[in-house]
Amino acid sequence: MTATTPDGDARPATPDAPASPPRARRRSRRLAGAGAVVRRRLLVAVPVLAATSLGMFALGAASPIDPAQQYAGAAAFTTSEENLAQIRANWGVDDPLPVQYARWVGNLLRGDLGWSTSRHEPVTSVLAARAGWTLLLVGAALALVLLASLLLGTLAAYRRGGWFDRALRAGAYAVQSMPVFWLGLAAIALFALTLGWLPAGGLTDVTATGTDPVDVARHLILPVGVLAVSQAPWFVLFIRDAVADSLRDDHVLAARARGLPGRTVLFGHALRTALLPFLTLVGTHLPELVGGALLVETVFSLPGLGAVTVQAALGADFPLLAATTLVTTVVVLAANLATDLAYAAADPRVRLDD
Amino acid sequence: MGRPVSIRVTAAAVAGVLALAGCSSSATPQGGGGRAGTLVVATAVEPDTLNPILNYGVDGASLIFDGLVSRDARNELVPALAREVPTVSADGKKVTARLRDGALFHDGSPVTAQDVVFTYRAVLDPKIDSTLRSDLDMLASVDAPDATTVVFTLKYAYAPFLQRLALGIVPAKALAGQDINKAEFNRRPVGSGPYRVTSWTPGDRLVLAANETYWGGKPANAGVVVAFVADDNVRAQRARAGEFDAAELAPKLAAGFDGLAGYRVHQVSTADYRGVMLPMGNPVTGDPAVRRALNVAVDRAAMVAGVLGGAGEPAFGPVPPSSAFAEPSIVGKAGADVAAAAGLLDAAGWRPGPDGIRAKNGRQAAFALMYPAGDSLRKELALAVTADAKKVGIRITPEGLTWDAITPRMGRDALAMGYGTPYDPDFITYKLFNSAFAAQGFFNPGSYRSAVADKALNDGRDNADPATRTAAYATFQKQIAADVPWIFLTYLRHTYVVRDTVTGVTPRVEPHEHDVANSLWWNIHTWTRKS
């Protein structure tokens, strides 16, 4: 975290100040250091990515798995050692680690992520064909989680201890204890088999001739819903506690005392204060969301990155593993940066130091 | 490449927004959608590539390609791209195939002898990542004296060579001058088979359209969609939701469809065995008495009923009962014979110790039995063997491991095995039980050595005469039944659930590997569906 909270900078809000011009000025001043922060983060990202990819290759060198044997599959039982050695030589996987790594980095700089030995196609085309679906699943689920948890958490906090609050908390604990896999199968059993409302899996109808957006949307309702529900408890409980706390804050009590309507106080004052630590939570929870997405893809037979990542790990396919790891690392670094910038934009006390 | 992808992602993002908006009202009933007459099948295993040179559907029935020969419902060779089954010279070293007229690739170009030559030469090229090369180690050269004749020259006479000619033929024009390992062809192939590839979305489905100009006649349906659903439970649930006309399911999941209106369950016999390899290098399993005792102590009937849910049959050797070469005299009792096993061990000097485990010269009758950790079927069979062995005073320690942990230990510890093809006994015996291949990777990992078996295996492949071959394989089967280098436990039955409106389903004996190719839908171009 480069965002700091210097005490001297905390100024009381002036409720009577004219609305727009000073606010705009203040916001632009708050993000003044953003360019420098982004530049510095990019500089830090390079060694992080280099270390991550080198780590992947070191693991590959230490792994006892023979990628050629994995490639052969059941034919390994009928394939001679000589034949496997020829395949390994074609791939250059018996070369020393520094040679393999240098070759990989050289290709990477030319925009070539290498050849996936487990998928038999260029790593770039594996990512191009699949990363979009995983990102769509994660993005849609994240949006749904954020919306639902903000709404439900705030409502629960407003009537703390009421029936809605108690039901929501019980539900959240129950969902938290259910594996994603199980939730997915249960959702299929209910919505696809018993009720027949939604398809049980796949990206499109099996007989569809293309990827029609409406068809895809219908197929994504269950996976996105299951992923969102499975990830929601953390966020819902967090918002509920944070809003409940901030409802007792001075500025909220003051707003109430001034006779502002309940909804304005709840969403405009209490929730807004509670949002700040929530941003951090979203940033740190993103990797878990990606992990959940990989499981959901398996349950709903979606052609995302989940299955290929597992296959790459089992088949010692390090070009593909390194690429998926790099993509994940980039996403996490970007999420952290975005969180910090959002923090600075949302909280006047936070300044991006430069 | 960037533009279509970004368009697709944008479209998908729009779709996601629609999904969030909750447009569930647009839901339409499942099944029956799409073009009339398109059949949908579902399988667990997805091919890595659709190029026969790189091991796609090498035993034929690949839907997209034709070999020189193919196999009928009884797995007998019949001519395909060849006009008649190719002829073998008197010395067995020259095989001549004459191509049929009028066979076209999906791009409209004719299938020529040059295409056949190109296909087989590519397999033999060390620069190409084909594991099929190991199966063609007898092939010296392949040439095309004219546009319709192909001549294979072998290094030595090899009786089952014609069985290797089911390999799909690729058009030389589509691949010449390219790096075959990385060619776009591997994802969007051009073949000559009953179906051409419309699209393949890895991880999702393969869409095939009927080849209207197929030399064997227009397919009876408009196309086939193969859905790839790796997880057994998910596949069963989607089958239940009515998405598939035919789906492969684990026996216990398929049992849920028994008596369900609208579906039939097919149990298909296979050459797919499960067994235990007993290494000669282990002092306990190296003793023939221990191996023979274990062979009669295991309760194969209980394994078929309990572990396989009835979808299997007891196995006593590597040659499946469906093969013309199967030797009937080696078939033993399906149940356990504890008394006979105890008698064998007593006679060999293995006496029960105080803890019930037998010992001889201070060595306990104990060994480890490895199985691949992810394979629940082999695990259950290993546990069943362990329990049966305990009843006769042999202690087995089952160990679930990854293949990289298993491979270095195969010379010392027992291993749960599974493989098998129904096509020729040579394929499933020669390298597995021949002393020349002892301790060469997976070939003869237990280092079984028998001069009688070696000679019989060589006679089996050197002689073209069927009677001589039958006699050789009878000798071989009796020899390994006496020596017990492996305990064969069961042959599996592959189970499928098929909609009862589908007609034309003709099960045939299946090999271990069955996915798009060589499954129940080997002849799907003759299937129709009543609507």
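Biologist: What does the domain assignment of chain B give?
Modeller: Two entries: domain 1 covers 51–177 and domain 2 covers 269–492. Keep in mind that this is a predicted model.

Biologist: How many Å separate the centres of domain 1 and domain 2 of chain B?
Modeller: 35 Å, taken over C-alpha atoms.

Biologist: And how many residues of domain 1 of chain B are in contact with domain 2 of chain B?
Modeller: Nine, and they meet ten residues of domain 2 of chain B. On the domain 1 side, five are nonpolar, three polar and one charged.

Biologist: Switching to the chains. How many residues of chain B are in contact with chain A?
Modeller: 62 residues of chain B, against 60 of chain A.

Biologist: Which elements of chain B each supply at least two residues of that side?
Modeller: Helices α1 (2–20), α4 (232–240) and α10 (403–406), plus strands β1 (38–43) and β10 (223–228), in chain B.

Biologist: Which one gives the largest share?
Modeller: α1(B), with twelve residues.

Biologist: How do the residues of that side of chain B divide?
Modeller: 25 are nonpolar, 20 polar and 17 charged.

Biologist: What about confidence: what is the mean pLDDT of chain A?
Modeller: 79, and 89% of the residues of chain A reach 70 or more.

Biologist: Where in chain A does pLDDT stay under 50?
Modeller: Over residues 1–21. For that stretch of chain A the model has 19 contacts beyond four places in sequence.

Biologist: Now helix α11 of chain A. How far apart are its end C-alpha atoms?
Modeller: Only 43 Å, although α11(A) runs over residues 262–299 and has 38 residues. A straight helix would reach 56 Å at 1.5 Å a residue.

Biologist: Where does α11(A) bend?
Modeller: At A:H285, by about 45 degrees. A proline, A:P287, follows within four residues.

Biologist: Over how many bridges do β14(B) and β15 of chain B pair?
Modeller: Two, in the antiparallel sense; β15 of chain B spans residues 358–360.

Biologist: Which residue in β15(B) is the bridge partner of B:R351?
Modeller: B:A359.

Definitions and conventions. Residues are numbered from 1 along each chain as its sequence is written. Chains are lettered from A and ligands numbered from 1 in the order in which they are written. This is a predicted model: local features need pLDDT of at least 70, side-chain atom pairs count only at pLDDT 80 or more; totals for chains, interfaces and linings use all residues. Domain bounds come from an automatic or database domain assignment. Two residues are in contact if their C-beta atoms, placed from the backbone, lie within 7 Å. Ala, Val, Leu, Ile, Met, Phe, Trp, Tyr, Cys and Pro count as nonpolar, Asp, Glu, Lys and Arg as charged, and the others, Gly among them, as polar. pLDDT is the predictor's confidence in each residue, from 0 to 100. Two strands pair if DSSP finds at least two bridges between them. The expected span of a helix is 1.5 Å times one less than its number of residues. The bend at a residue is the angle between axes fitted to the seven residues ending there and the seven starting there.
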